Amino acid sequence: MVETEMDTDVIKILLIEDNPGDTRLIKEMLSNTELFNCFLECTARLSTGLEYLAGQPADIVLLDLGLPDSQGIDTLAQVCAQVPGIPVVVLTGMDDEGLALEAVRQGAQDYLLKGAINGRALWRVITYAIERKASEKLLEDIFHTSTIGMYITR
C-alpha cells in the first residue's frame, strides 16, 4: 500500500458546535475511528472559532449552523470569508435540502445531518473534503499562473 501524506499526518479539525452532547458524540466518533490520526479542537461559539482560526491552522472545520452568536448560512459565510483555503463541512441538525444546497453553493464541502452519520462516514467526508479542497487550489494555481490564455464559461 502506498502511504499518502494524509496517512501519516495528524489532521487538525476544528469543531464549532454549541451542544455539549453533540460535541461529545463527534469526539467519540473520531476517537473510535482508527482510519486516521486527528487532533480535535472544539469551540461553542462562532466568534471563538474564528479567533482560533486566526491564530492556528486547521485542516478542516466542522460547523454547526445554529450557534449562540450566529445562525444559518451567514455562519458558513463568515468562516469561508475568513479562511477560504480551509474546507468546511456543515454538521447540523437542520434537515433542509434547500439549506443544504445553498450551503454547498456558498462553499461548504458537504452538508451532514448529525443523527445520520457514523464515524467511518465522517472520516470519509473529512478526508474527501480535504482532498477536494487541495485539488481546487491546485487547479486555481494552474489557472492563475499559466502563460496560456484561459477562461471559464458556464
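Modeller: Lys114 is found in the loop between E7 and H6; helices (H or I, at least four residues) and strands (E, at least two) are DSSP runs, numbered from the N terminus. This is a predicted model, in which local features need pLDDT of at least 70 and side-chain atom pairs count only at pLDDT 80 or more, while totals for chains, interfaces and linings use all residues. Residues are numbered from 1 along each chain as its sequence is written, and side-chain values use heavy atoms, with hydrogens and water left out.

Lys114 is buried, at a relative accessible area of 15%. Buried means under 20% relative accessible area, exposed over 50%, and partly exposed in between (1.4 Å probe, protein chains only). Not counting residues up to four places away in sequence, Lys114 touches Glu17, Asp22, Asp64, Leu91, Thr92 and Gly93, where contact means heavy atoms within 4.5 Å. For Gly93, 21 residues from Lys114 along the chain, the separation of the two C-alpha atoms is 5.5 Å.

Side chains of opposite charge can pair when their charged atoms come close. A search of the whole structure finds 3 salt bridges, a salt bridge being a side-chain nitrogen of Lys or Arg within 4 Å of a carboxyl oxygen of Asp or Glu. One of them joins Lys114 to Glu17, with 2.7 Å between the closest N and O atoms. This pair links distant parts of the chain: Glu17 sits in the loop between strand E1 (10-16) and helix H2 (20-31), 97 residues from Lys114. Glu17 is buried, as is Lys114. The two side chains also make a polar contact at 2.7 Å; a polar contact is a pair of N or O atoms within 3.5 Å, and within protein one must be able to donate a hydrogen and the other to accept it, with residues adjacent in sequence counting only if both atoms are side-chain atoms.

Asp22 forms another salt bridge with Lys114, and here the closest N and O atoms are 3.0 Å apart. Again distant parts of the chain are linked, since Asp22 belongs to helix H2 and lies 92 residues from Lys114. Asp22 is buried, with a relative accessible area of 19%. Lys114 meets Asp64 in a salt bridge as well, at 3.4 Å from N to O. Asp64 lies in the loop between strand E3 (60-63) and strand E4 (66-67), so this pair ties together parts that are 50 residues apart in sequence. Both Asp64 and Lys114 are buried. Through shared partners, the salt bridges join Glu17, Asp22, Asp64 and Lys114 into one network.

Thr92, one of the residues touched by Lys114, is found in strand E6. Thr92 is buried, with a relative accessible area of 1%. A polar atom of the Thr92 side chain lies 3.2 Å from the backbone nitrogen of Met94. Leaving aside neighbours within four places in sequence, Thr92 is in contact with Asp64, Leu65, Tyr111, Leu112, Leu113 and Lys114.

In H5 (residues 97-105), the buried residues are Leu99, Ala100 and Ala103. They cover an arc of only 100° around the axis, which puts them on the same side of H5; the arc is that of the directions from the helix axis to the C-beta atoms. The face turned away from this buried side carries the exposed residues Glu97 and Arg105. At the N-terminal end, Asp96 caps H5, with a side-chain oxygen 2.9 Å from the backbone nitrogen of Gly98. Gly107 follows H5 and has a positive phi, near 120°.

Gln109 lies in the loop between H5 and E7. Gln109 is buried, with a relative accessible area of 11%. Outside four places in sequence, the contacts of Gln109 include Pro87, Val88, Ala129 and Glu136.

For the whole chain, there are 6 helices and 7 strands. Buried residues make up 40% of the 154 residues. Among contacts with a separation of 6 or more, 66% come from residues 24 or more positions apart.
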